[in-house]
Structure formats: structure tokens, C-alpha cells
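Subject: Structure handover

Hello,

Here is the structure I promised to pass on. Please open it alongside this message, then read the notes below.

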Amino acid sequence: MKKVGGSFWASSGVIVLAVLAMAALVPAATVAYRISAGRVPAMWVAVMRSREIMDNAGVRGYYERLMGKYGRMDKIYLYDNSFRIFRLMPNLTWQRDLITTNSFGLVGPERTLEKPPHTRRIALIGASLDAGQLVPEKQIYGQLLEDRLNADRPNGPGERFEVLNFSCISYTLPQIVDTAIEDAPRFDPDVYLIDVNELAASTEWSRHMVQITQQHIDPKYGFLREILQKAGVSATDSTDILYGKLAPYRIPIVQGFLQTLEDNIASRHASLIVMLVPAVEAGELSKQRVDTVREVIRGLHVPVVDLLDSFREYLYPAQLAAYPGDIHPNRRGHALIFQNLYTKLHAQPEAWRALVGQGPSRAPAPPQ
Amino acid sequence: MAPLGPEQSGGVATVAVRGPQLPTADRSSAKRELQAAPNLLKFCALAAQLALLWALFRLYHTEDVAFEKMTMIVFGAFAVHYWLPFRFKEAFLAAASLGGAFFILQWQVAAWVIAAGLAIFLVLRAPVAFRLRLLGLFSIFGVLMYGCATRRLPLPSGFYAIFGGIFMFRVIVYAYDISHSREPARLTPFLNYFFILPNYVFTLFPVIDFQTMRRGYYQREAHEIAQQGIRWMMRGFVQLCLYRLIFYFNDRYLPDRVTTFRALAATIVLSYLLYLNVSGRFHIIVGMLHLFGYDLPETNRRYFLARGLIDLWRRINIYWKDFMMKTVYYPFYFKFRKRGDFRARLGATAAVFVVSCALHPYQTFWLIGDLNIRLTDTIFWLILGVSVVATVWYTETHKPRKRPVWQTRTLHATQVAATFCYMATIWSLWSALSFRSWFYLLTHWVAAR
């Protein structure tokens, strides 16, 4: 066999130096991150250190499929033949991921169907980031928002706020929009806070369309039916073929759903605020992904609150993850999202008005 | 410090080396024992490097919790294994690997995988005709493949990927070697060949050759082998870091975002570079085996610099190439060479790609339970196979002429660039979800202009 490399001691020395050099990159990147010219290379080091990038849906080569992580969470869902396919079970206490739902299947405490008097209701709708997967119920940013609004009472002492969390783990944009159109109105919300996160934009964007096609579920929305027809999807197609057929229609579908959402909420005389909530990822992965639908979001006539910079201070955001390698924020991560949200709501008068209504108050001081 | 001589080593070795009438196996064993002689200073150097490497793996979150556990067990086992008398080394490693399975995997999965492995061993060890043993082996695989496809067997869900990762290919190599060996299967080599600690974490595993593994056992001085293993682990680590960066850059190129030729070129190249993930893992796996005296060859060697498709085939996954040579190419070639040497070689080469094409869905089936055979996979292997056969034919029929040095160098550089571009392009087909989406990726930038 061909002998590779030099002597034992020389090789040992090279290895020690290489290890030390790689280790030194970590603090060096922390310093470089504070300088504008060093920001991008520092982020590359952070990406090299990021475990979560391996498990988060992204590139789909042959080997990526083989090494992907596949999990099932059947026990927390109710399945039906509806457009949404699944929803969180009511009265759920899922210890493993710290998800609890009320009798309506909404994340968080019990609520009444009828809006209590002198209450402004906010419907928060998104996916696992917004449902607070792996975070205690009271630490979810939606709950923090409710607590803060009730402490500040921007509409005077007589009016309370309720944040009803309709978010569901694994929901993509079509399911989020459908929840906003079908479920939320029963609770008569005044404001809809909708999270358009990276699931709406990254490789997984069409997962739901693939599933409804495979399960012979009616596309429900006219524009979607037309696009699926145009794409030539069929229930007999394999999953990969379906993803492939839908690939060219990402923007029209995202656009269609956001437009439908905007129109529907406007017809109810409620307010809509679109939020862009980040996952805990190194570099600017969340931003990079959401940026691919930024143009579509800009085309809406509603306030957009960009929270993608919530973790900007953290070059290595892993410390904000629920556990190493996960993309869901922990308590600290949710607190940062909330602070950023509250600050930006204040900074955008249109968004603030949409949130609290046309009440008498001025915006209170942003959170510290 | 020089390796210990016969006088300084254990009694068995001393006698073995001095006894000129001893059989070859014993002489070989004594030589290996000498190569495995410990040395405190060098051990400290190896242990220090492993400690640093372990810290680096943690610092960079190289893999998940299971990987961290596995690394600790491997490095800890190395520290014990190193000092054990030679005759106990393999048995200890087998025990550590079997015990480690219960720490790394769910205990039910570990128990079932070990039970299935022992059943395979007993079948292959049975004192009956080889055909009957093979029939027994097929029966076990048939039942488990049915379970993997239908999930109707009462086995834990994580079992199939681990079982497949361990046995799906290596059992072919092992059965082949047993069929050509005069000696019956022995338990310790069997356990050390199949139950390899990194295999519990990395189900996509290099197809290590059984004979090469046995032959390489302490064939060189132990410290040199271990040092080479550490170097490969370090190389694998760097490749995995680069992989994440490439993954990050490539993530932005969703097919509908590839609106310029530059973006198309970038995503095609980046998709090919993602192979660093496989290469990095393989380096770490084989590096770890080196710590226990298995002087295995490199798994991948500068494959992005291959100067032709045959060269690439020899470099990109060396263990797969060897596996195919052993179980497909040579049997085919020797069977058909009477009909003409050249035709037999072309036929054997084509057979290698047909079998490779068939074994990849088989691999997908075991590792993720997916039964679908994708058209893009078939077309990729077809294109690659036809290209390699054509290259073999061309090389055979066109003898290279002598050229000036500058021409040779220029040609070499051109060949490297051309091979890279060609492979990256057909790799993008392999990575595509469907032929249609690949076509869309390639042409969308023209429509978007």
C-alpha cells in the first residue's frame, strides 16, 4: 500500500496546528463580525459551525435525501380530508415539545368563541416558530405580546387585548391562509398577524400542494386549481415528480395566496399585518430564503414587519435554539422576536394603528 | 522511539518470530503483533491529537448527539485497545462495538440488529453447501425487505436503516469472500467487519472490503496507521465544514431563481461540490478504523481533479469501485474473455454501471424506505456508463502520442476542467427531482431574460 504523508511527528505537528487554526477561526470571526468588512466572512465561519443547516430542508441531491432526517408527529394532529389535511388536536398536552392547546385546538390558554366586551382580538397565524414548539406557553412571543399590550393598555384602561394563537406545527402558507379564512373569523378577530416565514419560500414551499394532489383533495381556491391544472400534476405522480412540476409556479402560488388573504381580511373590515419571523439559523439563511418572495410581499397593501434581524447580534445563534441543531427559538429567542416585533410595530405607525385600532392612545415607549 | 523488537514484546511473539518452521499465518500474526507494540510517547501524541479533534468536533457541532457519543466511545476504546495484549485487541473491539450499539442506538434497535447479524453469521457458518447458505441469507433479507417495505413486522422503525447501513452491501462482499475461502467464517472478524461503531451513526457507509480489512490489520507500524487515520479525520472534518458552506450558498438557487447563466453555472457547480458531505464522512469513518490497526486505503482521492471519467471512477468512491471490480467486473470479465479480451472488458465495464444503477435504489430503499426508482437516477447512470464505456473504447483504440511538455500540461488542465464540467452537469441531473425539473433548471434563465 502506498504510504501517505510524512513522518509520525511531522504529521502530528501539522494536525495540532490545523486544529488550533480551525479553533482560532471561531473567536476571530466573533471579532470580525463587529466590523462591517468582516461581517460576511464571519458569517461563513458561523455557517461552518452550524449544525442546524444540515437538518433544515434545503438542497435535495441524491445523498441529501439519503441523509435527511425524517420525523412523524402523527400523535398531535387530527387528520381529515379538508384542504388543510391536519390540525392540532384540541386539549392537547404534548410534553415532549411543550405544546398545549385549548378546547378549540388553539395554542395557549382557554378562550371563548365570543369576543369578550372591551377586548381587541389579534389572531396570530403561522407555523411551529409561532406555535412556540419547544417553548413553555407563557414564553411564546405571541403571549409576550399579549402580556405587554395588557400592561401598556394603549387604548386606555378599559380595553384589553387577546392574542389567539392559531399557529400549527408544519403549516405552510396555503394552510396558514386557509386557517385565516376559515377558522379565525369565528372568533371575530380585529387584527390578523400572519407569519410568512421561510417555509413559504424555501424548498418545502410546495409540500402542501403535493399532499393535496396525492390525497385527491380539492384545491379549493380557484387560482390554485388553475395553476395545478397548468402544472399538469396528477395523483399518480411520485412525490419528486410533483415537486418538480410545481417548481416553476412558486411565485404565482405564493402571490395568489397572499392576495386571497389580503382580499378576504379586507372584506371582513379587519386589519392585516404580515410578519417575517426568522428561524434560528447561522448566516442569513432565513433572510436569504424569505428574500425570494420579498417582491410579492411588497406588492401587498398591508404593513409588513420584518423580524428577520431579530438574532442579528448573535453571530452564533445556536445559543438561542431550543436544543443544539434545532431551528426553533428557545425562551431567549422568543423574547428577542417579541422585543423586535414590539419595537418595529411602534416604529411603523401604520402597523401600530392596525394593531391597536384607531384608539385614543399614542404609542407607548418601545421595550427596553 | 523505535518499535519494540521481538525480545521486548510478549512471549508468543518472541517464539513466533524465532521459529522458522511456523506456518505462514502464525508468522504473519507475529509480525502484526510487533507492529502493534505500544510506545508511551507516541500514544500520548495520538491521545492529545484525538482530544483536540474531539474538542474541534464539538466546537463546530460536526454532527448530532449520537455522533458525539460515538466519537467518545471510539476515542475511549482506542485508549484501552492500544494497551491491550495483541491477542485481546480484536475481541475487545468487537465487545466495545456491540456494547456501544446500546449507547448510541435505541436499545431495541441495537438488540434486533445484533440478533439479525448473529443470524446471518450462523447461516453463513452453517456446515452445508454454500448455495444453501446463500438461500438462507436471501431468506433473511427477503423477510426484512418485506418488513422495510410494509412495516408489518414487529420491529422498531429505526431498525431497517441501521440494518441496511450495516449489511446491505458488505454482506455481499463477505459472502463472496467466504465462498472463495477455504476457512469457515469466524465470529470475531465477522463482528469487527460488520459492527463498526461509526456505522451506527453514518448509515451511508463505505463498502469496506473484507479481505482488504483483514489483510491491512497492523500491516504497518500501529502509530503510523493511527496517525494517518487522524489525518483523514481532520481532512473529513474540513470537508464537512466546507460542505455546510456550499450548502448555504446553493440554498438560494431554487429552480425559479436561476434566472441568469451565472446562477445556472453556480448551482450546477455547487450541487456537484455537495459530494464533500459523503467524502468527509467517509474520511472520518475510515480514519476511526485506523485507530484500531485497520490500515485501510483512502476512500476518495482528489476526485474534483480527475482528468477523465475512468480516472474519476477510480477516485471518487474508491471503495465502491473496488466493490464493483470484485463482485461484478472480474467475474464478468473472466467469464467472457474467451470471446475476446477487449469485448469482455467493455462488457464488464457496462455491467458495472448497470449494477451500480440497480444498487442505488436498493440503497435508498434500505436507508429511507423509499421504493421509487427515479428516472433521473437511471438516466444519470446510463449517461455515465455509456460515457465510461466510450472512454474505455477510445483509450484502447487511440494510443496517446508523444507531445511536448507544455502541450501535455495544457491537455491535462483541459481534461480536468472538461471532466469537472461534464460531471457537474450530469450530477445536476441526478440531483434534480425529475427530468422535467432539470430541463426547467437548465432553460429557465433563457426564458427569464
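This is a predicted model: local features need pLDDT of at least 70, side-chain atom pairs count only at pLDDT 80 or more; totals for chains, interfaces and linings use all residues.

B:H61 is worth a look. Its phi is near 45°, a positive value in a residue other than glycine. Is B:H61 buried or exposed? B:H61 counts as buried, because 22 C-beta neighbours lie inside 10 Å and the cut-off for buried is 20 or more.

A:R153 is not a glycine, yet has a positive phi of about 45°. Look for A:R153 in the loop between α6 (141-152) and β6 (160-165) of chain A. A:R153 has 16 C-beta neighbours inside 10 Å, so it counts as partly exposed.

**A loop residue in chain A**

A:N102 sits in the loop between β4 (99-100) and β5 (119-125) of chain A. With 17 other C-beta atoms within 10 Å, A:N102 is partly exposed. Twelve residues separate A:N102 from A:P90 in sequence, and their C-alpha atoms are 5.7 Å apart in space. Leaving aside residues up to four places away in sequence, A:N102 touches A:P90, A:G108, A:P109, A:E110 and A:R111.

**Where the chains meet**

How many residues of each chain take part in the contact between A and B? Chain A brings 50 residues and chain B brings 49. On the chain A side, at least two residues each come from α1 (8-32), α2 (39-48), α3 (52-55), α4 (62-67), α10 (239-246), α11 (250-267) and α12 (285-290). α1(A) gives the largest share of that side, with ten residues. By type, the residues of chain A that touch chain B are 29 nonpolar, 13 polar and eight charged.

**Helix pairs in chain B**

Start with α6 (residues 107-125) and α7 (residues 130-150) of chain B. Their axes come within 8 Å and cross at roughly 160°. That angle makes α6(B) roughly antiparallel to α7(B), because angles over 145 degrees count that way. The crossing of α6(B) past α7(B) is right-handed. From α6(B), the residues B:A119, B:I120, B:V123 and B:L124 meet B:R133, B:G136, B:L137 and B:I140 of α7(B). The contact of α6(B) with α7(B) holds six nonpolar residues, one polar and one charged.

Next come α12 (residues 222-250) and α14 (residues 276-290) of chain B. They pack at about 160°, and their axes are 7 Å apart. α12(B) is therefore roughly antiparallel to α14(B). The crossing of α12(B) and α14(B) is left-handed. In the contact of α12(B) with α14(B), 14 residues are nonpolar, ten polar and two charged.

The last pair is α18 (residues 375-397) and α19 (residues 405-431) of chain B. Their packing angle is about 155°, with 8 Å between the axes. So α18(B) and α19(B) are roughly antiparallel to each other. Their crossing is left-handed. B:T376, B:D377, B:I379, B:F380, B:I383 and B:L384 of α18(B) meet B:I426, B:L429 and B:W430 of α19(B). That contact of α18(B) with α19(B) splits into seven nonpolar residues, one polar and one charged.

**A residue in α18(B)**

B:V388 belongs to helix α18 of chain B. Its 20 C-beta neighbours inside 10 Å mean that B:V388 counts as buried. What does B:V388 touch, not counting residues up to four places away in sequence? The contacts are B:L309, B:I310, B:W313, B:T349 and B:F353. B:V405 lies 17 residues from B:V388 along the chain, and their C-alpha atoms are separated by 27 Å.

**A bent helix**

Finally, look at α16 (residues 318-336) of chain B. This helix bends by about 45° at B:M325. Which residues of α16(B) are buried? They are B:I318, B:Y319, B:F323, B:M324, B:K326 and B:Y329. These buried residues of α16(B) pack against α9 (170-179), α15 (309-315) and α17 (341-368) of chain B.

Best wishes

Definitions and conventions:
Residues are numbered from 1 along each chain as its sequence is written. Chains are lettered from A and ligands numbered from 1 in the order in which they are written. The bend at a residue is the angle between axes fitted to the seven residues ending there and the seven starting there. Helices (H or I, at least four residues) and strands (E, at least two) are DSSP runs, numbered from the N terminus. A residue is buried if 20 or more other C-beta atoms lie within 10 Å of its own, exposed if 12 or fewer, and partly exposed in between; C-beta atoms are placed from the backbone. Two residues are in contact if their C-beta atoms, placed from the backbone, lie within 7 Å. Axes are lines fitted to C-alpha atoms, for helices over the stretch in contact, and angles run from 0 to 180 degrees between N-to-C directions. Angles under 35 degrees count as roughly parallel, over 145 as roughly antiparallel, 65 to 115 as roughly perpendicular and the rest as oblique. A crossing is left-handed if the near helix is turned anticlockwise from the far one by less than a right angle, and right-handed if clockwise. Ala, Val, Leu, Ile, Met, Phe, Trp, Tyr, Cys and Pro count as nonpolar, Asp, Glu, Lys and Arg as charged, and the others, Gly among them, as polar.
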